[in-house]
Amino acid sequence: MPNAILDPTGTATAAAKPAAARAPRRASLRGARVGLLINTKQNAAPFLHEVGRLLVEEYGAGSVTARTKLNFAVPESEEVIKEMAAQADVIVTGVGDCGSCSAAAAADGVVFEAAGLPAAVIVTDSFRTTTEAMAQLRGAPGFPYATTAHPVAVLDEDQVKERAAGVLGDVVALLTDPSAPGA
Amino acid sequence: MTGAVIEGPPDPDEAQRAIEYCYAQDWSDGLPLVPASKPLVDRFLATVRRDPDEIIGSLEQVGRDCTVYLAAVNAAMAGCKPEYFPVVLAAFEALMRERAARGGGFQSTSGPAPLIVVNGPVRHELGFNTAGGAFGPGFRPNMTIPRAIGLMVRNAFGVREHVFGQATQGVPGRWSICIAENEEESPWEPFAVDGGQPGGVSAVSATLTRTCEFIDNRATPVAEEVLRDFADTIGRLGPQIFPQTPVALVLCPEHAQQFAGAGYSKADVQNWLIEHSGRTAGELRRAGKGGALRLGASAAAEPVSDEYFHRVLTQPRQIPVIVAGAKNAGISMVVRIFGEWSGTAVPVGEKP
């Protein structure tokens, strides 16, 4: 009997992760407290603030609070997630435009959903694969998210606003379900 | 139970089947792997007194750990000899101590490569190249140990290109840079002494690098003229994205001895380069990099004039100095550090 060739990945014995829970949707954003999680990448702050402003102006959201990630490359700590969950009803996070921060944005989104907050994750279209791989790894295969064209960092102020307006419909669709109770 | 017993010539067809099997599992970095069997991996594990299940590194963001056992399997597959295994563990420990590696380094668009530096008697005991061709190839420990680290990242951490690995272009020679310092021709203390180890101890230091850039300067007897050449490369605009741009110097023995002969200690070299390496604010702005002046904690507090000379380094620890290569020309490397390097040296063969 020859020796087996050993597996260098260690995944053959790893237990399958349970599917991550998804937050219940609101029928609309009217009166909702919006939490922005800004990942510090260039133009992420003006992009998300413009999304927040438009959610208030056009969709009747009640308020916007913003928080900046300490380290864009890794998922946010449980404490920060809990604090934001106490202050907000829905989350918008991004803008993922690098290898580690796009994956981290997806991981944050999955955790917010499990904490009961609908989350809209925004990444640039160059990072779809890594975003989807991270969501799958975190027990949320097929996790929906929004994209904007790459790159974002080089855009001027007006272009950032245009992009934010362009992604707004997708963000609202991610955060709401018109058939939910209370419509 | 030790050594693989070869009875008669090995069967090349079986070897090829085993290699193709490893490719089919998606375990390979693109080059053939040595198929690892339990007897082979047991020989690796026998070189250290460590629990095979001990976790030696975690990549929290992808939820994966690397154990002593997985390190041994990947080191075997990389082509390491069993006796290299304590160096593999020390190199991995040194690398994973660095925040840049634990954070998003392996996923980064910059596609950084580990730079591994080996000091002490283990260099000669295991047959590392300590002379010419320091950046390889041609020497089994120098080539297979960094490859083992790459396979651990790929297989144990699950970071594969185009999925969690998002390198835009990556670094030439990624997973193949392992330098054994030329202590014998260095005028200064071994690099591991700078990293906190006593002299004469076998130890490994590691960081992530974004590339190496050569300085060819072999015609002037004036040390400061050579240093000015280094400062020009260190201060250039390309790598500047933050106010600080750490580098390591891999000095050839000729440059190191020239500096020492002119009375420079390592600290003197570092301080000279801190003073002289940078560009003016105007040069940065004209290249669209004015942001590097203001981003981060050490940034200029006030808006500065175009004439302001922006130094890319402020601390000697941001310019680690290593001596490597042959004493046959004045050719050295400026190595770009990804993030920061603590410079800590990890002893070989001791549990950290």
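User: Before we look at N43(A), what makes a stretch count as a helix or a strand here?

Analyst: Happy to start there: helices are DSSP runs of at least four residues and strands are runs of at least two, numbered from the N terminus. In this predicted model, N43(A) sits in the loop that joins β1 (33–38) to α1 (44–59) of chain A.

User: Why is N43(A) called buried?

Analyst: Buried means under 20% relative accessible area. N43(A) has a relative accessible area of 15%, so N43(A) is buried.

User: What makes the pair of N43(A) and V152(A) a polar contact?

Analyst: The cut-off is 3.5 Å between N or O atoms. A polar atom of the N43(A) side chain lies 2.8 Å from the backbone oxygen of V152(A), so the distance is within that limit.

User: Which residues does N43(A) touch, leaving out those up to four places away in sequence?

Analyst: N43(A) touches V152(A), A153(A), V154(A), L155(A) and V160(A). Contact here means heavy atoms within 4.5 Å.

User: How do you know how compact chain B is?

Analyst: The globule rule gives 20 Å for 352 residues, and the radius of gyration of chain B is 21 Å, close to that value, so chain B is as compact as a globular protein of that length. Buried residues make up 55% of its 352 residues.

User: What share of the contacts in chain B with a separation of 6 or more comes from residues 24 or more positions apart?

Analyst: Such pairs account for 83% of those contacts in chain B.

Methods: Residues are numbered from 1 along each chain as its sequence is written. Chains are lettered from A and ligands numbered from 1 in the order in which they are written. This is a predicted model: local features need pLDDT of at least 70, side-chain atom pairs count only at pLDDT 80 or more; totals for chains, interfaces and linings use all residues. Side-chain values use heavy atoms; hydrogens and water are left out. The radius of gyration is taken over C-alpha atoms; the globule rule is 2.2 Å times the number of residues to the power 0.38. Buried means under 20% relative accessible area, exposed over 50%, partly exposed in between (1.4 Å probe, protein chains only). A polar contact is a pair of N or O atoms within 3.5 Å; within protein, one must be able to donate a hydrogen and the other to accept it, and residues adjacent in sequence count only if both atoms are side-chain atoms.
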